[in-house]
Amino acid sequence: MGTSNPYIEVAVGSVSSRGSICKIDELSKYLKPTLELYRSLYSFDESAVEHFQNNRTVRSYSGTFELDRLTFDIDKGKNSKDKIMADIRYFLHLLEDKGVDPDIMRVWFSGRGFHVEIPELYGFGASKETPEVVKRTISKEFGSIADNIYDYARLIRVGYSFNIKSKLYKTPLTIPEVHNLDYDGIIELSRPFCREDFQHEYLVKVEPIWNSEIAVLEPKLAIETHVTAKKGDYNGHVTCVQKMQDDIEEGRRHTMLLRMISAWSRKGIDAKGCYSLAQTYVPTLAYNEIIRTVDQVIDKGYRYSCNDPVMAEFCDSKCIFYKRKDYTMDVLSTDDMRKRFAQFATTDFTKTSFNLKDIYDINYNYIFYPGELAMLIGDTGLGKTAWLQNLVVSTPNLDCLYLSLEVHDHLIYRRFLQIANGIKKEKVMDLHSVDLNGELKEAITPIEHINIMTTTPEIGSMKQLITELSPKIVVIDTIDAIKVNYNNDPFNKMEIIINELKQLAVQESIIIIGVSHISKSASFESRLTVHSGKGNSVIEQKADKVIGIMGEREATRRVIRSLKSRDEAKFQISLLFDYETFRFKETEHVQS
């Protein structure tokens with residue numbers, strides 16, 4: 001497929017490994033069995049080479065974007081197998097009705113849903129505004145039929161690459177196969193690496209037939225004057241945002257603008273007004289970036305509270321929300337609360353939560369619900385990692401993403417096998433001395449619900465990672481290893497991490513369990529408290545549960561104790577730690 005922009009971004013092994021570029025025609029060299037591979041939807045011009053060398057991210061890229069193909073994502077989500085098959089068949093009929101020849105359609109099974117590729121039939125061309133134009137056009141033309149995946153930074157799984165979640169390959173399908181096979185039949189086609197009986201030919205360039213349907217962006221507004229208000233002359237309504245308007249900082253323009261747009265929008269200012277205000281206050285930001293940011297905030301309804309780290313940084317006692325810190329407070333009627341609680345009371349949480357009472361002999365329920373952020377704290381060398389591994393192995397019905405950011409993959413994998421099977425290190429080595437014999441397969445089965453990642457992610461990429469893998473539990477060991485771009489202050493960094501993780505837990509309806517070290521002063525105390533975590537007080541304030549692990553490093557006895565729970569009874573468990581199998585064995589009943 002022809003394109004004037006020759007470069008694309010690639011991520012090899014994981015979506016979090018993004019930041020490298022290659023030429024489009026060199027992409028296939030990265031394909032390998034059991035290896036995940038992603039590419040950017042858009043291609044970039046020559047300026048991308050230097051940009052990615054210096055930045056390792058598409059953010060702030062000032063060159064042009066272009067599509068070398070159109071890709072439609074028909075996601076399975078929570079739909080049944082029959083429903084997703086009906087959706088993809090309907091979509092292919094829709095493309096035919098819109099004049100697309102079936103011979104130029106390329107259907108892929110992505111490992112769960114389907115991707116449909118066709119030539120670029122609009123003729124968008126290469127420009128800085130292309131992502132905004134494409135996103136609006138696809139939304140206008142296809143609505144909710146296919147997911148609108150055309151964000152400027154979006155990555156997509158490459159054809160023939162591995163899906164680590166489903167253990168299947170992104171596999172090419174013929175049109176008759178889509179219409180005649182059931183979902184399970186397509187899964188069987190997707191187990192081997194690269195089908196031998198059928199592969200897609202490269203897309204060919206064809207003349208655009210939909211060019212008259214391209215959405216038109218609002219013209220760039222002519223701004224002759226900037227802010228007329230005198231600096232420091234603030235009123236009492238969301239004073240923090242007014243202060244941001246006066247102090248836009250290079251390197252933080254996007255972060256601050258998100259909060260400003262959110263506040264403007266909540267005052268009733270529409271998108272066109274927000275475009276104008278954003279140009280006024282951030283004139284150095286590219287206009288296409290302004291449009292994208294405004295649309296993002298308004299479409300997704302972003303709302304930032306007084307507890308947001310950036311809002312708090314500019315907090316002012318003059319503000320009417322200063323005393324109660326209640327900006328963005330949701331007001332619910334009794335009827336709203338009744339409906340929400342009724343939904344909660346009738347929800348089946350068996351596939352999304354777990355209860356410690358089912359694992360240990362405790363007197364009360366201690367349930368980890370989706371939407372919760374739990375923290376495990378303890379001194380170095382007491383087995384924080386091992387205890388969480390025991391917990392994850394004990395919940396095989398909940399898919400887990402385990403971010404092992406201090407222990408490398410060989411060691412964490414070996415210990416998972418030891419815990420799951422109650423075996424020593426030497427036995428694991430023996431099992432791997434021959435190629436996947438039956439005994440090894442049997443040993444691996446109890447941990448097949450666990451995906452491990454050892455690459456340190458940036459907090460901003462966590463949402464895409466979680467969306468891609470769809471885990472029910474995310475374990476982060478340890479949270480202070482997560483990267484936060486443009487922030488080196490450890491206290492401010494920890495606030496951002498904890499706040500973002502709590503939002504992710506709620507937005508994605510998952511359980512997030514983080515590991516944190518304790519402060520130096522706490523390491524000299526005989527008993528941990530909710531205040532013992534390393535850093536400032538954000539952990540104890542934001543976490544729904546805080547659990548402590550205590551004991552002597554040289555001894556085998558460990559005490560696991562609840563230090564904070566919003567809605568659960570406290571517990572204390574005494575365990576013995578077996579260094580040879582990394583298992584914890586309960587020794588006595590709970591002391592509530």
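Visitor: Is Thr-239 buried or exposed?
Guide: Thr-239 counts as buried, because its relative accessibility is 0% in this predicted model.

Visitor: And which helix is Thr-239 found in?
Guide: Thr-239 belongs to helix H6, which covers residues 239-246.

Visitor: What does the side chain of Thr-239 reach?
Guide: The backbone oxygen of Asn-235, at 3.1 Å.

Visitor: Nice. Is Lys-243 buried or exposed?
Guide: Buried, because its relative accessible area is 18% and the cut-off for buried is under 20%.

Visitor: How many salt bridges does a search of the whole structure find?
Guide: The search finds 27 salt bridges.

Visitor: Where do Lys-545 and Glu-372 lie?
Guide: Their side chains meet in a salt bridge at 2.6 Å, N to O. Lys-545 lies in strand S20 (residues 545-551) and Glu-372 in the loop between strand S14 (367-368) and strand S15 (373-378), so this pair ties together parts that are 173 residues apart in sequence.

Visitor: Are those two buried or exposed?
Guide: Lys-545 counts as buried at 2% relative accessibility, and Glu-372 counts as buried at 17%.

Visitor: Which residues do salt bridges with shared partners join into one network?
Guide: Arg-39, Asp-68, Arg-69 and Glu-117.

Visitor: What about Arg-154, which side chain does it meet in a salt bridge?
Guide: The side chain of Asp-151, at 2.7 Å from N to O. Arg-154 counts as partly exposed at 27% relative accessibility, and Asp-151 counts as partly exposed at 21%.

Visitor: Changing topic: why is helix H12 described as largely enclosed?
Guide: Because 10 of the 10 residues of H12 (residues 384-393) are buried, the helix is largely enclosed by the rest of the structure. The buried residues include Lys-384, Trp-387, Gln-389 and Asn-390.

Visitor: Now the surface. Which residues gather in a patch of negative charge?
Guide: Glu-96, Asp-97, Asp-101 and Asp-103 gather there.

Visitor: Where does Asp-103 lie?
Guide: Asp-103 is in the loop between helix H2 (81-97) and strand S7 (106-109). With 60% relative accessibility, Asp-103 counts as exposed.

Notes: Residues numbered from 1 in each chain as written. Predicted model: local features only at pLDDT ≥ 70, side-chain atom pairs only at ≥ 80, totals over all residues. Heavy atoms only, no water. Patch = residues over 30% accessible without salt bridge, like charges linked within 9 Å, V, L, I, M, F, W, Y side chains within 5 Å. Areas by Shrake-Rupley, 256 points an atom, 1.4 Å probe, with all protein chains shown as cover. Salt bridge = Lys/Arg side-chain N within 4 Å of Asp/Glu carboxyl O. Lys, Arg positive; Asp, Glu negative; His and termini not counted. Charge placed at Lys NZ, Arg CZ, Asp CG, Glu CD. Helix = DSSP H or I, 4+ residues; strand = E, 2+ residues; numbered from the N terminus. Buried < 20%, exposed > 50% of the residue type's maximum accessible area, 1.4 Å probe, protein only. Polar contact = N/O pair within 3.5 Å; in protein donor to acceptor, adjacent residues only side chain to side chain.
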